[in-house]
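Thanks for coming, everyone. Please bring up the model on your screens, and we will walk through it together.

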Amino acid sequence: MADAYPTTWKRPPQIVTDRRWRLALQIGVVLYLVLAIGTLEVDWARVAAGLERGQRFVMGFLTPDFTSRWIDIRQGLIESLTMTLTSTVIGVIISVPIGVGAARNLAPRAIYYVCRGIIAVSRALQEIIIAIFLVAMFGFGPFAGFLTLSFATIGFIAKLLADDIEEIDEAQAEAIRATGASWWQLVNYAIQPQVMPRLIGLSLYRLDINFRESAVIGIVGAGGIGATLNTAIDRYEYDSAGAILLIIIGIVMVAEYGSSYLRKFLQ
Amino acid sequence: MSEITHHSEVWAHRTPRKRLVMWLGWLALVALFVWCWQVMTENTIWAFVADAPRQAADIGGRMVPPRLSYLPELMVPLWDTINIATLGTLGGVIMAVPVAFIAARNTTPSQHILRPIALFIIVASRSINSLIWALLLVAIIGPGILAGIVAIALRSIGFVGKLLYEAIEETDARQIEAVQATGASPAQVVSYGIVPQIMPAFWGISVFRWDINIRESTILGLVGAGGIGLKLQASLNVLAWPQVTVILLLILATVVLSEWVSARVRHAII
């Protein structure tokens, strides 16, 4: 009789509870890994040769050289920072009407679809791909980068703003409507106070993202610190590259702490 | 009962003092914007900007019709791209788990030495885009898929590590205490008290990051780290715009598909 009861406790599965599914998943994962690693072509001799270079990079990172390329770094930083600020401001200004238009509880159906379409297009494409095209159209330099970041900001802010407007407390909007307020007054007195703290928070967050992105789009010619970094790596000047990376990390950290502090202060 | 004598006839949302501060804030922002705009556009050649609509029409005209016969050639790079994202996510998650446990306040072995190091790893990994990691790795270990995988993995540490350590910090302390009360060793506490609580979050985060990584791995080829980006770079270099259209459409389809898969999986888990 005793063997009818299990004598040891076994941890029950948490995610996939069906035994057959679990087995199928495990076999599938192993099969995929075998296939994927099988098609991996790695030139181990090149990797081994690169390790020495990697060591040099780590050394460069530990002993960064801020001085010898300082003029280039300064120029790149100025471009990146100005690009970040202007694109965030313009992006937010454009995305506010689009966000309001993409909120189902505020906009008529036709406008809703148009605005959601704009958001989808802006979010679907990678910043770097947009940057390639805008550099081709507007020429090299931070102006193309500014346009890229503004475009990317629209999708981000407008979507989150629209979702936020859709989730507001209807009772407050109802109360304002009951006073006979017009649509503008409704937006101004019922919607805006509810979403403003979050909009400011999102804008600060996007400022942070835009700075990080501005470090990347320089690789395809859209100006900023990314261009300087690309040049430094192409010249194998790992100590300058290390310095640039440290500056980027430092600014991102300052921006992150600063924006979280500012958000707390504003709310 | 004292009477309020200094009230205004018209209701206003804010006090005058608050309004003044707000206006000054906005003024400062506008001034900063104008200044930044002038610094940024100092070297802009406006003739190129004015020329942009013509250029756009030109490129747009060259991009259609897409050269669909190019599609079969893209299948191998697409497989590479998916491998970069998947293996990179795998590597990133494996590295992120110990970092997350060290960074979480309730599981860290040392508050003052290891925790700040783990937090720095997370910030450093998060603030450097995968394209920059790829740029470095291509220079170090040579062009190819491996550089892409390592770049994606290094970039994923920060994202997964941050979300995971927040999940660990939010675990229910009572369950951990219950496991401790049975006389479990620290390893057993982690295994039976914490792991079951963060499991759904862990899978959710991993799948979410995989979805982001699919997106990012499509462009890593631009700096030589393998995948479909290599084909994009090659086509752009020879100005083969009909091929560029095909590649972009394929990237878009892949991204939409991976987003759908990740949304389904996350919905099933959480």
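Let's begin with one residue in chain A. A:L160 has 20 other C-beta atoms within 10 Å, so A:L160 is buried. The cut-off for buried is 20 or more, so this count qualifies. Keep in mind that this is a predicted model. A:L160 is found in helix α6 of chain A, residues 142–166. Now look for A:Q194. In sequence, A:L160 and A:Q194 are 34 residues apart. In space, C-alpha to C-alpha, A:L160 and A:Q194 are 14 Å apart.

Next, the two chains together. How many residues does the contact take from chain A, and how many from chain B? It takes 47 residues from chain A and 48 residues from chain B. On the chain B side, several helices give two or more residues, including α1 (16–40), α5 (130–141) and α6 (145–169). Which element gives the most to that side? It is α5(B), with seven residues. By class, the side of chain B that touches chain A has 37 nonpolar residues, ten polar and one charged.

Helix α3 of chain A covers residues 70–101. Its axis and the axis of α1(B) come within 9 Å and cross at roughly 130°. That angle makes α3(A) oblique to α1(B). The crossing of α3(A) past α1(B) is left-handed. Who meets whom? From α3(A) come A:I78, A:E79, A:T82, A:M83, A:L85, A:T86 and A:V89. From α1(B) come B:L32, B:F33, B:C36, B:W37, B:V39 and B:M40. By class, this contact of α3(A) with α1(B) has ten nonpolar, two polar and one charged residues.

Back to α5 of chain B. B:L136 lies in this helix. Is B:L136 buried or exposed? It has 25 C-beta neighbours inside 10 Å, so B:L136 counts as buried. Set aside its neighbours within four places in sequence, and B:L136 is in contact with A:F57 and A:I233. B:L136 and B:A147 are eleven residues apart in sequence. C-alpha to C-alpha, B:L136 and B:A147 are 8.8 Å apart in space.

Now the next residue along, B:L137. Again leave out neighbours within four places in sequence. B:L137 is then in contact with B:A147, B:V150, B:A151 and B:A225.

A quick reminder first. Two packed helices are described by the angle between their axes and the distance between the axes. Here the axes of α5(B) and α6(B) come within 8 Å and cross at roughly 140°. The two helices are therefore oblique to each other. α5(B) passes α6(B) in a right-handed crossing. On the α5(B) side, the contact is made by B:S130, B:W133, B:A134, B:L137, B:V138 and B:I141. On the α6(B) side, the residues include B:L146, B:A147, B:V150, B:A151 and B:R155. Altogether, the contact of α5(B) with α6(B) divides into eleven nonpolar, two polar and one charged.

That's the tour. Over to you for questions.

Key
Residues numbered from 1 in each chain as written. Chains lettered and ligands numbered in written order. Predicted model: local features only at pLDDT ≥ 70, side-chain atom pairs only at ≥ 80, totals over all residues. Contact = placed C-beta atoms within 7 Å. Helix = DSSP H or I, 4+ residues; strand = E, 2+ residues; numbered from the N terminus. Nonpolar A, V, L, I, M, F, W, Y, C, P; charged D, E, K, R; others polar. Axes fitted to C-alpha atoms, helices over the stretch in contact; angles between N-to-C directions. Parallel < 35°, antiparallel > 145°, perpendicular 65-115°, else oblique. Left-handed = near helix turned anticlockwise from the far one by under 90°. Buried ≥ 20, exposed ≤ 12 C-beta atoms within 10 Å, placed from the backbone.
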